[in-house]
Amino acid sequence: MGERIHTVWDFWDAPREGVADFQGRPHIYKCQFSEAEDDWTNLFWLMEIDQELLALDLERSAISARWLEELKRGRVSPESGPALPIDRPRFQELQSVIGDRLQLRPERSVIRRGRFVASPGANSTMVEWTEP
């Protein structure tokens, strides 16, 4: 079935970085890039985070999503992002509270192969993690 993707911070043909569940718990995922092949691999570092940090990331992502929606509608300029003026103070507070806690640390991570699949009957994508 797959595991839930909570946030996507970077996307290039598929999610490359964000937060998703691994073994039912939230983890930062970050795709590995192959310099030799000059392309993304299907290998990901996974580093567990706590529920509090997940909640902060979800709130920050929701603020950015509201801004992106307004950008798509032409109501704000690209330079105004990543938050609407009304959301900017909270966004900055979240950035400060999160600090560098969402930076993946390979030494605290496991490596898994990731496959992103459409969830049947839902408008979402799930991820399947397997041994490399």
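This section describes the salt bridges and part of the strand pairing in a predicted model. Residues are numbered from 1 along each chain as its sequence is written, and side-chain values use heavy atoms, with hydrogens and water left out. Because the model is predicted, local features need pLDDT of at least 70 and side-chain atom pairs count only at pLDDT 80 or more, while totals for chains, interfaces and linings use all residues.

Side chains of opposite charge can pair when their charged atoms come close. A salt bridge was assigned where a side-chain nitrogen of Lys or Arg lies within 4 Å of a carboxyl oxygen of Asp or Glu. The count under this rule is twelve salt bridges. One of them joins the side chains of Arg101 and Glu52, at 4.0 Å from N to O. Glu52 belongs to helix α1 (residues 51-72) and Arg101 to the loop between α2 (88-98) and β5 (110-118), so this pair ties together parts that are 49 residues apart in sequence. Helices (H or I, at least four residues) and strands (E, at least two) are DSSP runs, numbered from the N terminus. Arg101 is partly exposed, with a relative accessible area of 27%; on this scale buried means under 20%, exposed over 50%, and partly exposed in between (1.4 Å probe, protein chains only).

A salt bridge of 2.7 Å, N to O, is found between the side chains of Glu128 and Arg115. This pair links distant parts of the chain, with Glu128 in strand β6 (residues 125-130) and Arg115 in strand β5, 13 residues apart. Glu128 is partly exposed at a relative accessible area of 24%, and Arg115 is partly exposed at 49%.

The side chains of Glu70 and Arg73 also form a salt bridge, with an N to O distance of 3.9 Å. Glu70 is buried, its relative accessible area being 17%. Both residues belong to a network of salt bridges that links Glu69, Glu70, Arg73 and Arg75.

Strand pairing was assigned where DSSP finds at least two bridges between two strands. Strand β1 (residues 3-11) is joined to β6 by two bridges, and these strands run antiparallel. Arg4 has Met126 as its bridge partner in β6. Five bridges join β1 to strand β2 (residues 15-22), again in an antiparallel arrangement. Within β2, Val19 is the bridge partner of Thr7. β1 and β2 form a hairpin with three residues between them. In the turn, Asp13 has a positive phi of about 70°.
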